[in-house]
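These are my notebook entries on one protein chain and its ligands. I record what I looked up, in the order in which I looked it up.

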Amino acid sequence: MPCYPVSLDIRGRRCLVVGGGAVATRKVRALIRCGARVTVVTPAASSEIETLAESRRIELKARIYRSGDMEGMFLVFSATDSRPVNSQVHADACQHNILCNIADQPAACNFTVPAVVRRGDLMLTVSTAGKSPALSRRLRKVLEAQFGPEYGEALRLMGAIRTRLLGNGHAPDAHRKRFRSVLDRDLIGLIRRKDIGTIDRILLEIFGPGYTFESLITAEADT
Ligand SMILES: C[C@@]1(CC(=O)O)c2cc3[nH]c(cc4nc(cc5[nH]c(cc(n2)[C@H]1CCC(=O)O)[C@@](C)(CC(=O)O)[C@@H]5CCC(=O)O)C(CC(=O)O)=C4CCC(=O)O)c(CCC(=O)O)c3CC(=O)O
Ligand SMILES: NC(=O)C1=CN([C@@H]2O[C@H](COP(=O)(O)OP(=O)(O)OC[C@H]3O[C@@H](n4cnc5c(N)ncnc54)[C@H](O)[C@@H]3O)[C@@H](O)[C@H]2O)C=CC1
């Protein structure tokens, strides 16, 4: 059965990470970057987890896992080196209906974590449904080489144009055509070459006065 892809907004949500080794640390790093409220439960933590706890960016419970740790969690990750502990976390998460990721048991995961390339708010992900993380990593590197920072900037520009157009009313058919034509005019290449003069001429032609690269790009902050 294929996996269902989603992009989760986890800002302010409580997430539990059981374990404090290399895999747990990778999960913690990704979670706090996306604004989650992270609790780590582990008797032995990596220095990165220790530092995050000291600066109060995460909560650290320096002990072995207990079923009660699951209470009130939005997502749960188990990355201990003990299969029975990981299985217990899985059983507890199932009982509480909480989505869980179990590091050593892809088949028991409700969700797996893909390899990620970020360019501003643009996110490219690779998943192999747990079959080959090495292949995910390899494809991530291919994507990284192919999609440079210009894609992040293009997204910022397209987002700003869209916000402004939608602010003036909905007209999906007309908007779709205009968005396609700006992309058809090699917007990405023009941004890569920093040819702002040509971009502004194209924007004027397609969207009319007031749509300049500089004004749009400064209006749109990455989230
Ligand atoms: C199922 C999943 C569960 C989950 O964690 O969500 C899972 C499970 C396991 N990983 C294992 C090993 C490795 N994991 C990596 C790397 C990554 N693993 C990631 C995700 C996932 N790993 C999920 C599936 C994602 C998918 O569908 O592809 C990435 C993409 C994202 C991230 O973790 O941040 C990140 C790359 C980030 C990047 O570089 O961009 C490497 C590569 C390396 O380090 O060079 C190796 C060694 C090479 C190899 O084994 O392939 C083992 C075996 C342990 C053992 O041998 O016993 C298991 C357990 C098992 O399979 O039993
Ligand atoms: N999903 C993935 O991307 C990968 C998964 N793995 C799997 O993930 C597991 C963890 O890998 P590493 O982080 O390298 O291991 P590690 O040995 O560095 O860390 C294990 C951690 O689990 C903690 N732990 C042990 N018992 C515990 C308990 N009862 N409660 C709470 N914490 C406990 C330990 O204190 C330690 O911090 C491995 O068993 C491996 O099979 C390995 C590589 C990649």
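**Entry 1: domains.** I took the domain bounds from an automatic or database domain assignment. For the protein chain, the assignment gives domain 1 (1-113), domain 2 (114-146) and domain 3 (150-219). I note that this is a predicted model, in which local features need pLDDT of at least 70, side-chain atom pairs count only at pLDDT 80 or more, and totals for chains, interfaces and linings use all residues. Residues are numbered from 1 along each chain as its sequence is written, while chains are lettered from A and ligands numbered from 1 in the order in which they are written.

I then looked up how domain 1 and domain 2 are placed: their C-alpha centres lie 21 Å apart. Their contact (C-beta atoms, placed from the backbone, within 7 Å) takes six residues from domain 1 and five residues from domain 2. On the side of domain 1 that touches domain 2, I found four nonpolar, two polar and no charged residues. In these classes Ala, Val, Leu, Ile, Met, Phe, Trp, Tyr, Cys and Pro are nonpolar, Asp, Glu, Lys and Arg are charged, and the others, Gly among them, are polar.

**Entry 2: overall form.** The C-alpha trace of the protein chain spans about 65 × 35 × 35 Å along its principal axes. I compared the radius of gyration, taken over C-alpha atoms, with the globule rule of 2.2 Å times the number of residues to the power 0.38. The protein chain has 22 Å, whereas a compact globule of 223 residues would have a value near 17 Å.

**Entry 3: the sheet.** I counted helices (DSSP runs of H or I, at least four residues) and strands (runs of E, at least two), numbered from the N terminus. The protein chain has nine helices and seven strands. Five strands form an open sheet in the order 3-2-1-4-5 with parallel pairing, where a pair needs at least two DSSP bridges. Strand 3 (59-61) and strand 5 (99-102) are the edges; each has a single partner strand, so one side of each lacks a neighbour in the sheet. Strand 4 (residues 75-78) joins strand 5 over four bridges in the parallel sense, and L75 has L99 as its bridge partner.

I also checked helix 1, which lies across strand 1 (14-18), strand 2 (37-41) and strand 4 and runs at about 165 degrees to strand 2. The axes are lines fitted to C-alpha atoms, for helices over the stretch in contact, with angles from 0 to 180 degrees between N-to-C directions.

**Entry 4: ligands.** Which residues come nearest to ligand 2? Of the 21 around ligand 2 (C-beta atom, placed from the backbone, within 6 Å), they are G19, G20, G21, V23 and A103. Helix 1 (residues 22-33) gives the most to this shell, with three residues.

Around ligand 1 I found 20 residues, with A115, G130, P133, A134 and S136 nearest. Helix 4 (residues 133-146) gives the most here, with five residues. The shell around ligand 1 draws at least three residues from each of domain 1 and domain 2.

Note on methods
Two residues are in contact if their C-beta atoms, placed from the backbone, lie within 7 Å.
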